[in-house]
Amino acid sequence: MTTCNRVEELEGPYGPFAIGERAIQRLWASGEITQPMLSTEGKEIRILSTGDWNRGAGPDFLGAEILINNQRLRGDIEIHLRYSDWQAHGHDCDPNFSGVILHAVLLPGTRNVTTASGHQPETVVLLPYLPRDLEDIAEEDALLELRGRAGDVARKVREAEDDLVPGLRRRALHRFRSKTKFARARYKENGWEQTCHEMVVECLGLGGNRAPMSELAHAHTPEEMILLGIDALYMEKCGRWRLRGLRPAGHPYRRLAQYLELNRRHPTWRQSLKDWAQDLPILPIASQRRRLFDEIFGCVFPDGRADTLCINALMPLLSASGFETEKAWAEWPPGNYPDDIQEARRALGLIGSTRNYEIQGILDVIRRSTATTAPA
């Protein structure tokens, strides 16, 4: 079987996440892999046709066409997380894999593999050629697999947690502390101003554009970004943006424009955050939320986007800087998240205003879900 079987848990910048073969298979099928690629032997590889995605026994993609050093080959593609999966899954002695012309693996650390007929297909490590952040790919795949299946999401959560509310809170706070640990390392290296700048811009790239957003924030200070202007910034990463399937509100041009407007309206907003955080443990969340959105953000971001920025960037960084934000983070409105997660929440019997720890806990179950355990 080839369906989403092999799963590994990796440590990402915002905590651990699970990545399965299905996510990489889906990405290969989409044709989004950056080209040309270099095999582990240094040969140039170009994809002419990704092949037919095989959901049954045998190689993952059948009848693909590729160029290897400009030599056209037609055959099958096998995708793994690590090169060692080839032998672990018995492909070296399975004649169904004799037609494999390319062994594509996600993670570095490779050796040549051999088919039952004695052929050694080229191997390529896909990680350098992914079109967007690996954690985004993993989460997108998990959510796509569960789209329209809120009942299945709720079932997975119930199976994972006997005591629902404490279990979701525990999962959420573990993720928050992982985010804080990551933010603390960046804060020590780059200081408050630069780290705050970088983390907010990266968060504006959630949904497929975190990597190019991160590169822009690392290359340019807020003042430099204003001087360059939106058109120059956007064109600097031309060809890197992921635009397919984005709603207008999520377009990177629009999000960059909002960030520039924030810095024009309130150039000292990063310092003002510290004053705001002093009162966070003692004032009601509703009033602190409006103060953040209206006074510090200057009403630049829609409420849901501002909540997402607060949850994923600002509160972990403030916590890393010594402010008490954990309780507020858990109870904060959860920002933008898929409708299926809200339906799953209702199916779990969670009532009242949606709180961040509920959504983060449900998402953690999904991120760590192995979907299936059938061998490849």
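**Exercise 1.** What should the 18 residues of helix α12 (residues 303–320) span at 1.5 Å a residue, and how far apart are its end C-alpha atoms?

*Solution.* Keep in mind that we are working with a predicted model.
- Step 1: the expected span of a helix is 1.5 Å times one less than its number of residues, so for α12 we should find 26 Å.
- Step 2: in the model, the end C-alpha atoms of α12 lie 24 Å apart, which agrees.
- Step 3: Of the 18 residues in α12, 16 are buried, and the helix is mostly covered.
- Step 4: finish just after α12, where G322 has a positive phi of about 105°.

**Exercise 2.** Repeat the length check for helix α9 (residues 252–265), then find which of its residues are buried.

*Solution.* 
- Step 1: α9 has 14 residues, and 20 Å is expected at 1.5 Å a residue.
- Step 2: from first C-alpha to last, α9 reaches 20 Å, close to that expectation.
- Step 3: the buried residues of α9 are P252, R255, L256, Q258, Y259, L260, L262 and N263.

**Exercise 3.** Describe how helix α4 (residues 150–160) packs with helix α15 (residues 356–368).

*Solution.* 
- Step 1: the angle between the two is about 90°, and their axes are 10 Å apart.
- Step 2: angles of 65 to 115 degrees count as roughly perpendicular, so α4 is roughly perpendicular to α15.
- Step 3: α4 brings V153, K156, V157 and A160 to the contact, while α15 brings I362, V365 and I366.
- Step 4: sort the residues of this contact, and you get six nonpolar, no polar and one charged.

Methods. Residues numbered from 1 in each chain as written. Predicted model: local features only at pLDDT ≥ 70, side-chain atom pairs only at ≥ 80, totals over all residues. Heavy atoms only, no water. Axes fitted to C-alpha atoms, helices over the stretch in contact; angles between N-to-C directions. Helix = DSSP H or I, 4+ residues; strand = E, 2+ residues; numbered from the N terminus. Parallel < 35°, antiparallel > 145°, perpendicular 65-115°, else oblique. Contact = heavy atoms within 4.5 Å. Nonpolar A, V, L, I, M, F, W, Y, C, P; charged D, E, K, R; others polar. Buried < 20%, exposed > 50% of the residue type's maximum accessible area, 1.4 Å probe, protein only.
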